[in-house]
Structure formats: C-alpha cells, structure tokens
Amino acid sequence: MSNGLPMPDLGANWTPLARNVIVGLFVIYVAQLLSGGLAETWFGWQPFADGFRPWQVLTHVFLGSSPWYTVLDWVVLFFVLAPLDGMLGRRALVQMLGATWVVGTVVSAVGVALGLVSAPYWGISALLASMVSVFGFLLPSTIFRLFFIIPVRAIWLSWGTGLLSFLVLLAYHDLGSSLTFFGWIGSTAWFALYQGGGLRRWQLLWKKRQVEKKLARFEVIDGGRTDRRPPRTRDPNDWVH
C-alpha cells in the first residue's frame with residue numbers, strides 16, 4: 001500500500017495480534033455454524049421485545065453472517081489490523097475501537113428502543129468500517145487498488161465509508177447500518193481528538209481557562225513600588241496580590 005502501488009508485503013500483516021484475532025474469530029464462527037442458530041439467538045443482538053439479553057450488545061461483534069461476507073471481513077481485518085496497530089499503538093487502537101463501539105451502541109440502542117431501527121444484527125462489519133476509515137485518515141495520500149483493480153486514495157475511502165453507511169441507514173433503517181454509521185461518527189471524532197493531542201490536551205486547556213477566570217477576579221494592588229528607586233532598595237513585598 002504505497003504511492004507506487006507495489007505488491008504489499010502480506011507476511012508483515014500476519015502479526016501475532018492479527019493471527020490471534022482472526023484464528024479466534026474462525027473458531028467462534030465454526031462453533032456458531034455448528035450451534036444450529038443457538039449462537040445467534042443467545043449472542044446476536046436481538047430486538048428488545050423478543051429475546052434480548054444485555055451481553056448481546058458486546059457479543060454480537062464476534063459472530064459472523066454468511067460464509068462469503070464473513071471471510072471477506074476477515075480479509076479486510078488482515079489488511080488493516082496490523083498496520084493500525086503499528087501506526088497507532090495498542091492503547092490508541094483499543095481507544096478507537098472503544099469509541100466506535102460506545103457511540104454506535106448507544107445511539108443504535110436508542111433507535112431500536114424507539115422503533116426507528118430494526119434488529120436483529122450480528123457481525124464485525126461496523127468495527128471494520130471504522131478501522132478502514134481511520135487507516136485512510138492516517139495515510140490520506142496512500143493509493144491502493146480497490147478490489148485489487150481500481151486505484152483509490154485512502155482518504156476517499158474514509159469519507160466514502162461514512163457516506164455509504166449513511167445512505168444505507170436511510171434506505172434500510174436496520175441495526176447493522178446504524179452501528180456502522182454512528183460507529184464511524186465515533187471513530188472520526190476520536191481521530192480528531194487524537195490528531196489534536198488527545199483528551200488530555202483538551203482537559204489541560206479547560207483547566208487553564210478555569211484558572212484564568214479565577215485569576216481575573218483578583219486585582220493587583222500597587223504597594224508603593226517605584227521604578228525610580230535603585231534596584232537594591234526595592235522590596236520584593238512591594239507587589240501585593
């Protein structure tokens with residue numbers, strides 16, 4: 001994935017993290033297929049009025065849909081997980097995925113409760129969309145071959161993912177597109193904070209403003225200091241706050 005469009009080093013993407021995650025998802029998917037629908041019933045996100053269990057808001061991301069789409073998800077995960085881990089670091093990667101999950105889950109849960117979004121849903125596609133988008137934001141000028149054929153700048157895919165998920169949400173009002181779009185909003189907001197120095201920087205700026213407001217309430221009283229006196233005769237206590 002570079003401007004010259006060389007063949008990527010696929011071996012570099014098969015890191016211990018990528019191997020553990022993809023193999024783990026494969027084992028879970030095989031167990032899901034063998035369960036005869038029980039895995040979807042117990043661990044997929046079901047409607048609130050029909051079979052919902054609290055843990056489903058988390059466990060649904062570990063399940064797969066059809067074999068074709070599930071394998072495609074694993075391929076995308078293979079291409080983006082290791083590079084993101086290398087560019088962001090493990091802690092920031094977890095924060096980004098957490099922002100995606102929290103924003104997407106909270107907003108989508110409200111939509112399901114109000115009847116605006118239809119359930120059930122299970123799959124990792126929502127997290128993958130955010131991972132691909134953040135990858136594009138990190139390397140906006142990178143050109144890669146979409147579907148191994150069409151040259152596309154990564155930044156186009158970042159914004160295109162958000163636009164496409166928004167259009168799908170308007171068209172179908174389903175839980176999967178809601179999780180994808182609002183998860184994309186969460187990851188994009190996280191990236192903006194990440195580029196701006198993170199939440200810690202904003203916390204420090206907020207505290208700085210609060211201190212400045214408090215200091216503005218005090219008057220500085222001139223205690224008789226005069227610059228006409230020689231430096232040796234100046235008293236440090238002349239300034240009284």
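Predicted model: local features only at pLDDT ≥ 70, side-chain atom pairs only at ≥ 80, totals over all residues.
Local features need pLDDT of at least 70 and side-chain atom pairs count only at pLDDT 80 or more, while totals for chains, interfaces and linings use all residues. Residues are numbered from 1 along each chain as its sequence is written, and side-chain values use heavy atoms, with hydrogens and water left out.

**View 1. The largest nonpolar core has 28 residues.** A nonpolar core is a set of buried Ala, Val, Leu, Ile, Met, Phe, Trp, Tyr and Cys residues joined through side-chain atoms within 4.5 Å. Buried means under 20% relative accessible area, exposed over 50%, and partly exposed in between (1.4 Å probe, protein chains only). Leu84, Met131 and Trp190 touch the most other members. At least two core residues come from each of helix 2 (16–34), helix 5 (67–88), helix 6 (90–113), helix 7 (125–138) and helix 9 (175–195). Helix 5 supplies the largest share, eight residues. Helices (H or I, at least four residues) and strands (E, at least two) are DSSP runs, numbered from the N terminus.

**View 2. Methionine 131 and its contacts.** Contact means heavy atoms within 4.5 Å. Leaving aside residues up to four places away in sequence, methionine 131 touches Leu77, Val80, Leu81, Leu84, Met96 and Leu97.

**View 3. The largest cavity holds about 90 Å³ of space.** On a 1 Å grid over the protein atoms alone, a cavity is a set of points where a 1.4 Å probe fits but cannot get out; lining residues have an atom within 4 Å of a point. Grid points are joined across faces, edges and corners, and a volume is the space filled by probe spheres set on the points. There are two cavities of 30 Å³ or more by this rule. Among the residues lining the largest cavity are His60, Trp101, Tyr121 and Leu179. Helix 6 gives the most to this lining, with four residues. The lining has seven nonpolar, five polar and no charged residues. Here Ala, Val, Leu, Ile, Met, Phe, Trp, Tyr, Cys and Pro count as nonpolar, Asp, Glu, Lys and Arg as charged, and the others, Gly among them, as polar.

**View 4. The second largest cavity has a volume of about 60 Å³.** Its lining includes Leu25, Tyr29, Asp73, Trp74 and Ile124. Helix 2 and helix 5 each give two or more residues to it. The largest share, three residues, comes from helix 5. Six lining residues are nonpolar, two are polar and one is charged.

**View 5. The second largest pocket holds about 440 Å³ of space.** A pocket is an open set of grid points with protein on both sides within 12 Å along at least five of seven lines. Of its 18 lining residues, Val61, Phe62, Leu97, Ile124 and Leu127 are the closest to its centre. Helix 6 supplies the largest share of the lining, six residues. The lining divides into 16 nonpolar, one polar and one charged.

**View 6. Serine 130 in helix 7.** Serine 130 is buried, with a relative accessible area of 0%. The side chain of serine 130 reaches the backbone oxygen of glycine 183 at 3.2 Å.

How values were computed: Polar contact = N/O pair within 3.5 Å; in protein donor to acceptor, adjacent residues only side chain to side chain.
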